[in-house]
Amino acid sequence: MQRYFVAPEQLRADTVVLEGDDAHHLQRVMRAEIGDQFICSNGLDREVQARITALEKGVVTAQIVKELAMNAESAVQVWVAQSLPKGDKMELVIQKGTEIGAARFLPFLSERTVVQYDARKEARRAERWQKIAKEAAEQAHRNCVPKVEAVLTWNELLKLAGEVDAAWICYEKEDGSQLRPALRKALAAGKLEPGRRVLLAVGPEGGFTPQEIAAAEAAGFESVSLGARILRTETAAMVGLTCLFYETGEMGG
């Protein structure tokens, strides 16, 4: 059944109203008719199943027929910090990371970031990234849309280590900690219990410099390796997320 996220004011006591792109998609792409049903969420605390009662140009009105449980989100909130990669790789990180279960995306700039950051294009790019997260959340039947934050500086990222219960930074040259034992240590310490927040930071195509890793560790990050093979930057976040959710039982582990 098709799923849409709407603003809280669009989800009323007995009815829901779709407008704009969502109404166009339901009418023109899905070719919906009166009586068809869909699922709608306000992304906060309410999700419903509704039956279409009226179709107008750019507006779909539906009667709520059932209140649904909000149980598709992970117990642990995982923030994915991704140093800006080249091309459209950030879009892939957001799309697949949303499907896997990330709660928040934090693009940032680091020493080896290749992308030429242009603040004038930031608003348009941020809008596109948030739209990708919304569409991926709908496809994955999530209850909430992950927030894609504005691009952070390196120092702004480091400060976030103090706002979470655990913070890891992926380092391909790390010969000490591996991600799995780091996760199990966090589990034993109660840092991955329901309601906890954790941060996973991934570097750009050239990785992090030793100086950046030292600064991150001083700020509260733990550097970890994702294994003996060198992963692409857009792959690392997906692997790290999957490992984390497996260890916490989100994937049947």
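Helices H2 and H3 are roughly parallel to each other in this predicted model, because angles under 35 degrees count as roughly parallel and the two helices pack at about 30°. H2 covers residues 89-100 and H3 covers residues 122-139, and their axes are 8 Å apart. The crossing of this pair is right-handed. On the H2 side the contact is formed by Met90, Glu91, Ile94, Gln95, Thr98 and Glu99, and on the H3 side by Arg128, Trp129, Ile132, Ala133, Ala136, Ala137 and Gln139. Sorted by class, the contact of H2 with H3 comprises seven nonpolar, three polar and three charged residues.

H2 also packs against helix H7, which spans residues 233-247. Here the angle is about 10° and the axes lie 9 Å apart, which makes H2 roughly parallel to H7. H2 passes H7 in a right-handed crossing. Lys89, Leu92, Val93, Lys96, Gly97 and Ile100 of H2 meet Thr233, Glu234, Ala237, Met238, Leu241, Thr242 and Phe245 of H7. The contact of H2 with H7 divides into seven nonpolar, three polar and three charged residues.

H7 has a further packing partner in helix H5, residues 179-188. The axes of H5 and H7 come within 10 Å and cross at roughly 40°, and the two helices are therefore oblique to each other. Their crossing is right-handed. From H5 the contact takes Leu179, Arg180, Leu183, Arg184 and Leu187, and from H7 it takes Gly240, Cys243, Leu244 and Glu247. By class, the residues between H5 and H7 are five nonpolar, one polar and three charged.

| Helix pair | Angle | Axes |
|---|---|---|
| H2 and H3 | about 30° | 8 Å apart |
| H2 and H7 | about 10° | 9 Å apart |
| H5 and H7 | roughly 40° | within 10 Å |

At the level of domains, the protein is divided into domain 1, residues 3-68, and domain 2, residues 77-248. The C-alpha centres of domain 1 and domain 2 lie 33 Å apart. Eight residues from domain 1 and nine residues from domain 2 take part in the contact between them. The size of an interface is often given as the accessible area lost when the parts come together. Between domain 1 and domain 2 the buried area is about 680 Å². Carbon and sulfur atoms give 48% of that area.

Terms used
Residues numbered from 1 in each chain as written. Predicted model: local features only at pLDDT ≥ 70, side-chain atom pairs only at ≥ 80, totals over all residues. Heavy atoms only, no water. Axes fitted to C-alpha atoms, helices over the stretch in contact; angles between N-to-C directions. Helix = DSSP H or I, 4+ residues; strand = E, 2+ residues; numbered from the N terminus. Parallel < 35°, antiparallel > 145°, perpendicular 65-115°, else oblique. Left-handed = near helix turned anticlockwise from the far one by under 90°. Contact = heavy atoms within 4.5 Å. Nonpolar A, V, L, I, M, F, W, Y, C, P; charged D, E, K, R; others polar. Domains from an automatic or database assignment. Buried area = accessible area lost by both parts, 1.4 Å probe.
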